[in-house]
Amino acid sequence: MFAAVAPSSPTAFAVLIFCFVLVLAFEFSNGFHDTANAVATVIYTHSLKPVPAVLLSGSMNFLGVLLGGVAVAFTLVELLPPDVLTPPNGNPAIAMLLALFLAALIWNVTTWWLGIPCSSSHAIIGSLLGVAIVNSVTASRGLGHGVDWSQVWSVLRALLVSPLLGFFLAGALFRVLQAVIRDDTLFEPTEGKPPPWWVRGLLILTCSGVSFAHGSNDGQKSIGLIMLTIIGIMPAAFSLNPRVAPADLPAIVGAADQAGPLIRKYGDDERAMAASDAGRISQTLRGVKAMSEVPDADRSGLRDAVYHVNAQLKTASESKAASAADKKLAKQLHDTLHGAVEYAPIWVRMLSAVCLGVGTMVGYKRIVTTIGERIGKRHLSPAQGASAELVGGVLIGTAGFSGLPVSTTHIISSGVAGTMAGSGAGIQSQVVWQIIIAWVATLPATIVLSGALFWLFSGG
């Protein structure tokens, strides 16, 4: 369908604008799911009314997005093959972007409508994998070249382990609170009344922590995708990182010079092209005093070259034939070169945070009700909410700064389940099974959906 779209044509521009709207809609739906978990306990226990709770959460999300860097954003983006990480040329990038945004959005909205806490992280990762797998098959490159499986497994490990940690750690923390604190008001459902002031303060504090951690992790997920889209719309303005200091340019040139020999030695069957790209980076940036001096016509090609070189450097860093010193050098060169293209303007971060906050305000009720009433056999108590959110904030915040994406939804909901089990109240098995099934089904469902859409959009 989009295979014949010409680069920079009005059709390509219109589709990219539509992609931009879709990625904002996905971030809006992320607010339905993930941010709603952050405010669920303070709203459900009547510690804060919905409007101030969402405003607080939105503010802390914004700070998390602002201070949390862009490591998670580009960890996800690098699941895509290099040819889609450059300004879209009609095929395959436009079809890829459209397919992955639509698939993730459809799954998010469907599970929200059913009131099932579901991971936006899983949805976007499954969509990324779907388009990458179909692209590899249709291009006859094999799954080993089209998908960065080492990156996939590291991401999936984080998504698998974090809910289990949330369940057991939140349950254990709740038991500690029971042993240490003798105030029964902390352990009983609030029944429509606000808890004591100090309990309210604790819950507001944990809500703030989870919201900040959410911004530093989940809030980043759409940033890289927004960047891909706006780079396609305005490549001359956004292809290269304008924040690269003039003093850092020689290091990037030196990294490109060193990358060529490593790639020739340890790269895969695309090593020759990538080694040539390394020379192109060095030639283009040598003698340049600032990124702004790179001619507009060369910017897209330079970004393309960086991603192809870095893909081969990752191959080199994981090669069994490479020595420990060469693996370390390949990783260092990768990180240095990535600085030339890995960035997000402040307005992109602000836009992401605004979409999260507005989505939370519009759609929080379904998820808040599930978290507060449907997971356990009794309603959520302040101590249970505080335990789940405190553990969640630590796990999500740690992952955000390490660059590993985790699911706020699954950490908080599993934490609540852990406190219900720890308190002896028990859990509602039917609801928990619905959450688990959605957790298990999200990846294969979004892989199939995004892959099918990509196949359709790219002309079969």
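**Exercise 1. Find where Thr-111 lies, decide whether Thr-111 is buried or exposed, and list what its side chain reaches.**

Step 1: Thr-111 lies in helix H4, which covers residues 93–113. Helices here are DSSP runs of H or I with at least four residues, while strands are runs of E with at least two, and both are numbered from the N terminus.

A word on the model before going on: it is predicted, so local features need pLDDT of at least 70 and side-chain atom pairs count only at pLDDT 80 or more, while totals for chains, interfaces and linings use all residues. Residues are numbered from 1 along each chain as its sequence is written, and side-chain values use heavy atoms, leaving out hydrogens and water.

Step 2: The relative accessible area of Thr-111 is 5%, so Thr-111 is buried. (Buried means under 20% relative accessible area, exposed means over 50%, and partly exposed is in between, with a 1.4 Å probe and protein chains only.)

Step 3: The side chain of Thr-111 reaches the backbone oxygen of Trp-107 at 2.9 Å. The backbone oxygen of Asn-108 is also reached by this side chain, at 3.1 Å.

**Exercise 2. Describe the surroundings of Ser-29.**

Step 1: Look in helix H1, residues 10–44, to find Ser-29.

Step 2: With 1% relative accessibility, Ser-29 counts as buried.

Step 3: Its side chain reaches the backbone oxygen of Phe-26 at 2.7 Å.

Step 4: Now set aside the neighbours of Ser-29 within four places in sequence; Ser-29 is then in contact (heavy atoms within 4.5 Å) with Leu-105, Asn-108 and Val-109.

**Exercise 3. Count the salt bridges and examine three of them.**

Step 1: Side chains of opposite charge can pair when their charged atoms come close. A salt bridge is a side-chain nitrogen of Lys or Arg within 4 Å of a carboxyl oxygen of Asp or Glu. This rule gives a count of four salt bridges.

Step 2: Arg-286 and Asp-257 form one of them, with their closest N and O atoms 2.9 Å apart. This pair links distant parts of the chain, 29 residues apart: Arg-286 is in the loop between helix H12 (271–285) and helix H13 (296–317), and Asp-257 is in helix H11 (residues 249–266). Asp-257 is partly exposed, at 39% relative accessible area.

Step 3: Asp-296 and Arg-299 meet in another salt bridge, at 3.4 Å from N to O. Because they are three residues apart in helix H13, about one helical turn separates Asp-296 and Arg-299. Asp-296 is exposed at 53%, whereas Arg-299 is buried at 9%.

Step 4: Lys-331 and Asp-335 also meet in a salt bridge, at 3.4 Å from N to O. Both lie in helix H14 (residues 324–338), four residues and about one turn of the helix apart. Lys-331 is exposed at 52%, and Asp-335 is partly exposed at 43%.

**Exercise 4. Explore the largest nonpolar core.**

Step 1: A nonpolar core is a set of buried Ala, Val, Leu, Ile, Met, Phe, Trp, Tyr and Cys residues joined through side-chain atoms within 4.5 Å. The largest has 118 residues, and Leu-225, Ile-252, Ile-281, Met-291 and Leu-337 touch the most other members. Helix H1 supplies the largest share of this core, 15 residues.

Step 2: Leaving aside neighbours within four places in sequence, the contacts of Leu-225 include Val-23, Val-77 and Leu-100.

Step 3: Another core, of eight residues, lies apart from the largest one; Ala-213, Val-391, Leu-395 and Ile-411 are among its members.

Key:
Polar contact = N/O pair within 3.5 Å; in protein donor to acceptor, adjacent residues only side chain to side chain.
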